[in-house]
Amino acid sequence: MTLIRAADIPVAEPAVAVSPARQLARRILADRAATAGVTVIALLVLMALGAPLITALTGQSPTEFHPEAIDPALGGLPKGPWGGISAEHPLGVEPATGRDVLARVVWGARLSLLISLLATLLATTIGTVLGLVAGFQGGWADMVIGRLMDLLMSFPSLIFMIALMSVAPDGNRELMLVAVLGLFGWPYIGRIVRGQAMALAGREFVEAARVLGATRRAILFREVLPNLTGPILVVATLSIPGYIATEAGLSFLGVGVRPPTPSWGQMIASAVPWYAADPVYFLVPGLFLLVTVLAFNVVGDALGDLR
């Protein structure tokens, strides 16, 4: 008879709990497209946050005119090739004014990201709360909130945004853009949250919480809402590029941010008359806008696949 010593018995190591955030990070790192998108977004955020430092290092201001950098004999075109690109102006200068393109791009990124993130936060908050109430409460609350969603979603939102921003006062137009974008954006998130909340309302853990005496508010925000973080995160991430593009479109049409405040859409609009003579000034803000929207869309699609 062979004796087995205790030391010979393999001992299973205790499982290490991995947080949801770490699991999400691992799965994103395994996706090359998502990793590239997150990297681009991180660089854009750093550029936006560091806009004052970048302009301080280059010694340029986004609103300062440089008449010495343009040629009046050529109608205000930048001096030198490629839109006036030089050591002093790494991305060239703006035709007719000579303003530094790099300074305007980084400050435009700061404005675009800030407006889109605040609008996403506003729309997500309103849509989540009203969608939870409509889906979980049902009855008259669902009817009222549902009809309000249908009403707002039936509007041609871009036309109404243009109309509202056209009559808005010039003071603090950034906050007006956030409010308008959030007002027309929350029903899309609210409808998704409403449908998910209706599906979760009859689940076992919700019924168990009711039996244990939990209040309706506690059930909504402690039991139902944590199970909706995935869909909400995906929709919010995909909403950001839409708001960036909408803000750029409104500024392009002249009803968004007013000059001299830099905006990518405003830069593209001012570059249209010069695109044949100075294509660099047209391409630089256009490429930044394209890359930003593409990066957020790639990350949003990846998050949707990971759910």
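These legends describe close-up views of a predicted model.

**View 1**
Helix α5 runs over residues 139-154 and has 16 residues. From its first C-alpha to its last, the helix reaches 22 Å. That is close to the 22 Å expected at 1.5 Å a residue. Look for A141, D142, I145, G146, M149 and L152, which are buried. Seen down the axis of α5, the buried residues fall within an arc of 130 degrees, so they line one face of the helix. These buried residues pack against α4 (101-137) and α7 (173-200). The face turned away from the buried side carries G139, W140 and R147, which are exposed.

**View 1. L132 in helix α4.**
L132 has its place in helix α4. Is L132 buried or exposed? Its relative accessibility is 0%, so L132 counts as buried; the cut-off for buried is under 20%. Leaving out residues up to four places away in sequence, L132 touches Q137, V193, A197, L220, F221, V224, L225 and L228. Now find G190. L132 and G190 are 58 residues apart in sequence. In space, their C-alpha atoms are 7.8 Å apart.

**View 2. H66 in a loop.**
H66 sits in the loop between α3 (51-58) and β1 (70-71). H66 has 5% relative accessibility, so this loop residue counts as buried. Which residues is H66 in contact with, leaving aside neighbours within four places in sequence? They are Q60, H89, T97, G98, R99 and D100.

Helix α11 covers residues 264-271. Six of its eight residues are buried, so the helix is largely enclosed by the rest of the structure. The buried residues are W264, G265, Q266, M267, I268 and A271.

**View 3. A nonpolar patch on the surface.**
F252, L253, V272, Y275, F282, L283, L287 and L290 form this patch. Together they have about 760 Å² of accessible area. Which helix gives the patch its largest share? Helix α12 (residues 279-306) does, with four residues. L283 has its place in helix α12. The relative accessible area of L283 is 46%, which means that L283 is partly exposed. Exposed would need over 50%.

Technical notes
Residues are numbered from 1 along each chain as its sequence is written. This is a predicted model: local features need pLDDT of at least 70, side-chain atom pairs count only at pLDDT 80 or more; totals for chains, interfaces and linings use all residues. Side-chain values use heavy atoms; hydrogens and water are left out. Patches are made of residues with over 30% relative accessible area and no salt bridge: like charges are joined within 9 Å, nonpolar side chains (Val, Leu, Ile, Met, Phe, Trp, Tyr) within 5 Å. Accessible areas come from the Shrake-Rupley method with a 1.4 Å probe; for residues, only the protein chains shown count as cover. A salt bridge is a side-chain nitrogen of Lys or Arg within 4 Å of a carboxyl oxygen of Asp or Glu. Helices (H or I, at least four residues) and strands (E, at least two) are DSSP runs, numbered from the N terminus. Buried means under 20% relative accessible area, exposed over 50%, partly exposed in between (1.4 Å probe, protein chains only). Contact means heavy atoms within 4.5 Å. The expected span of a helix is 1.5 Å times one less than its number of residues. The arc is that of the directions from the helix axis to the C-beta atoms.
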